[in-house]
Amino acid sequence: MMEAVPDIVLRTETLRKTFRVGFWGQQVTALEGLDIEVRRGEVFGFLGPNGAGKTTTLKILMNLIYPNSGKAWILGREVGNVGVKRHVGFLPESPYFYDYLTAEEFLRFYGDLFDVKRAILSERITQLLEMVGMSHARHLQLRKFSKGMLQRVGIAQALINDPHLVVLDEPMSGLDPVGRKEIRDLILRLKESGKTIFFSSHILHDAELLCDRVSILVKGRLVAMGRVSDLVGNASTQSVEMIVEGLTHHGLDRVRPFTERVLCQGERTLLVLKGHGQVDAVLDVVRAAKGSLISMTPHKGSLEDLFMREVGGQVGEQAA
Amino acid sequence: MRRVISIAMNTFRETLREKILYNLLFFALLMIGSSLLFARITYGEFERLILDIGLGSINLFGVIIAMFVGIGLVNKEIDKKTIYTILSKPVPRYEFLLGKYLGLCLTLLVNTGIMVVGLLLVLQTMQVSIDSLLFKSLLLIYIELIVVTAVALLFSTFTSATLSAIFTLAVFIIGHLSADLKVMGQKLGATGETLLNMIYYLMPNLERFNLKGHVIHRLDVGFADMMLIVAYGVAYTAVLLLLASIIFQRRDFQ
């Protein structure tokens, strides 16, 4: 029985969560009025530094903890509804599994929790192990798995019910570059098959490559949400990197006002300009000094720039 | 139901990997076996000795296994975060708890079964007659074990493993001395009596499950009495599981 997937797959409304820590039960706010919206079929990156409240949000969505106030809906139903989880797959952060089970037993166990019919389950286990590239480890105990293998079989576990929404908590953390690429490819394949993917991460490069939209969470508050290109485009100060040769000391002094940074290496000089507007002025100086331009690279603003600015801004506000 | 059974079977497999289980089982069988030796150096009455040591060992080691394995069950799931993957599936929290509990009850059944086989072998060797009263006593020992396991489970839903071990042990001891509480209450003033009576009715009366005296003195227990005691154990367990579910449902898994 396939239900129509609503346009808004996941939504939270002013979610707030506080914890009591330490002996005296000091109150710490983990989330402060979080509103997010994830649309059908998109890859949504939930970004933020460590301790921003990403895992707290995911746990609220999975009904593992309860918010102090605010609500969250998945596929149009409130997250407290156990039935919602039939169509959701979840991979917790650095998951530990029952390590005495083999990959097949492990997936069968989770399949049983969904009441997947035995015959369908066997077939699906074969497909999923193939999809995550773990067919060779079908009869191997999880204790013998590497971290990357565990992560892949963990994703298979999240897909055992063929969910509409896949929620992954830090799926790339702790993996080597090869492992990260494999997980990225896997997420893209899931997107191609029409699933909605919501994942938390602090690895911005991965998010930039993968996400249709992202949100940035800092200290429990949402500081940005939107398309990567829009967010980066709005915020970028597009710097330009220039390598020139044969620039004299006098010339160097003249270009300095237009640059952010100057690095001399023998005959060559690396100039980082503040923006496009300075290019002509610098080129004039270089020509006048009879130097030559070796290369010029415009730098588009990256998610990292935006992230650093938002995180830095918040920290600055706190300090003020 | 399939979810509960899956969790129960997984729990059963998990407990079978506990090394402490085999150590305890080994000592239990050693104790039961040692009664053979004691019987040989005892003049007359060796039947009583074998039954006393045998039933006592099954009871004691059963309780120790129930406590040591039982208290870790839920806490381990939370510490290792395996609970996140289970509760993010369409599994209500009470089903998870029930699955864990039934899994441990199955482990206890198998363990008790092995100890009973040990006892029967000893009785057979010493040519002691085996009657239905012995099995009634064994059934009640098992009922006591499931009550103690439910106590351990209840505590483990809101405290650490160490604290739940201490609390469970306390309940076990009080549960066996609860008749004394009532007697003591009668010797105190009105307030003391009310207080001790409250504890008496609140704590499980574990002495009700103890038929060792009956077995040794061959005093049979009627069917109606047996049913009543079993019903008491099952009802007490049900209340404990309900309380555990309510606490577990409200808790945050941080």
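## Helix contact between the chains

In this predicted model, helix α2 of chain A, residues 103-113, meets helix α1 of chain B, with axes that come within 8 Å and cross at roughly 150 degrees. An angle over 145 degrees counts as roughly antiparallel, and α2(A) and α1(B) are therefore described as roughly antiparallel to each other. Two packed helices are described by the angle between their axes and the distance between the axes.

From α2(A), the residues A:Phe109, A:Asp112 and A:Leu113 take part in this contact. Their counterparts in α1(B) are B:Arg2, B:Arg3, B:Ser6 and B:Asn10.

## The side of chain B that touches chain A

Taken as a whole, the contact between the chains involves 21 residues of chain B and 24 residues of chain A. On the side of chain B that touches chain A, α1 (2-16) and α4 (82-87) each supply at least two residues. The residues on this side of chain B divide into 8 charged, 7 nonpolar and 6 polar.

## Overall form of chain A

Chain A contains 10 helices and 14 strands. Its C-alpha trace spans about 80 × 50 × 45 Å along the principal axes. Of the 320 residues in chain A, 41% are buried. Among the contacts in chain A with a separation of 6 or more, 71% are between residues 24 or more positions apart.

A:Thr14 is partly exposed, with 13 other C-beta atoms within 10 Å.

Strand β4(A) is also joined by 2 bridges to β5(A), residues 77-78, and these two strands run antiparallel. In this pairing A:Ile74 stands opposite A:Arg77 of β5(A). The two strands β4(A) and β5(A) form a hairpin with 2 residues between them. In the turn, A:Leu75 has a positive phi of about 50 degrees.

Strand β7(A), residues 165-169, is mostly covered, with 5 of its 5 residues buried. In a regular strand the side chains alternate between the two faces of the sheet. Both faces of β7(A) are covered: A:Leu165, A:Val167 and A:Asp169 are buried on one side, and A:Val166 and A:Leu168 are buried on the other.

Strand β7(A) pairs in the parallel sense with β6(A), residues 88-91, over 4 bridges. It pairs in the parallel sense with β8(A), residues 196-201, over 5 bridges. A:Val166 takes part in both pairings: A:Gly89 stands opposite A:Val166, and the bridge partner of A:Val166 in β8(A) is A:Ile197.

## The open sheet of chain A

Four strands of chain A form an open sheet in the order β12-β13-β11-β14, with antiparallel pairing. The edges are held by β12 (259-265) and β14 (292-299), each with a single partner strand, so one side of each is left without a neighbour in the sheet. On average, neighbouring strands of this sheet are turned by 15 degrees against each other, direction ignored.

At one end of this order, 6 bridges join β12(A) to β13(A), residues 268-273, and the two strands run antiparallel. Here A:Arg261 stands opposite A:Val272 in β13(A).

## A loop residue of chain A

A:Lys219 lies in the loop between β9 (213-218) and β10 (221-227) of chain A. Although A:Lys219 is not a glycine, its phi is positive, at about 50 degrees. A:Lys219 counts as partly exposed, with 19 C-beta neighbours inside 10 Å.

## Helix α10 of chain B

Helix α10(B), residues 223-250, has 28 residues. From its first C-alpha to its last, α10(B) reaches 41 Å, close to the 40 Å expected at 1.5 Å a residue.

The buried residues of α10(B) are B:Ile229, B:Gly233, B:Tyr236, B:Thr237, B:Leu240, B:Ala244, B:Ser245 and B:Phe248. An α-helix has 3.6 residues a turn, so residues three or four places apart point the same way. The buried residues of α10(B) pack against α5 (93-125) and α6 (132-156) of chain B.

Conventions. Residues are numbered from 1 along each chain as its sequence is written. Chains are lettered from A and ligands numbered from 1 in the order in which they are written. This is a predicted model: local features need pLDDT of at least 70, side-chain atom pairs count only at pLDDT 80 or more; totals for chains, interfaces and linings use all residues. Two residues are in contact if their C-beta atoms, placed from the backbone, lie within 7 Å. Ala, Val, Leu, Ile, Met, Phe, Trp, Tyr, Cys and Pro count as nonpolar, Asp, Glu, Lys and Arg as charged, and the others, Gly among them, as polar. Axes are lines fitted to C-alpha atoms, for helices over the stretch in contact, and angles run from 0 to 180 degrees between N-to-C directions. Angles under 35 degrees count as roughly parallel, over 145 as roughly antiparallel, 65 to 115 as roughly perpendicular and the rest as oblique. Two strands pair if DSSP finds at least two bridges between them. The expected span of a helix is 1.5 Å times one less than its number of residues. A residue is buried if 20 or more other C-beta atoms lie within 10 Å of its own, exposed if 12 or fewer, and partly exposed in between; C-beta atoms are placed from the backbone.
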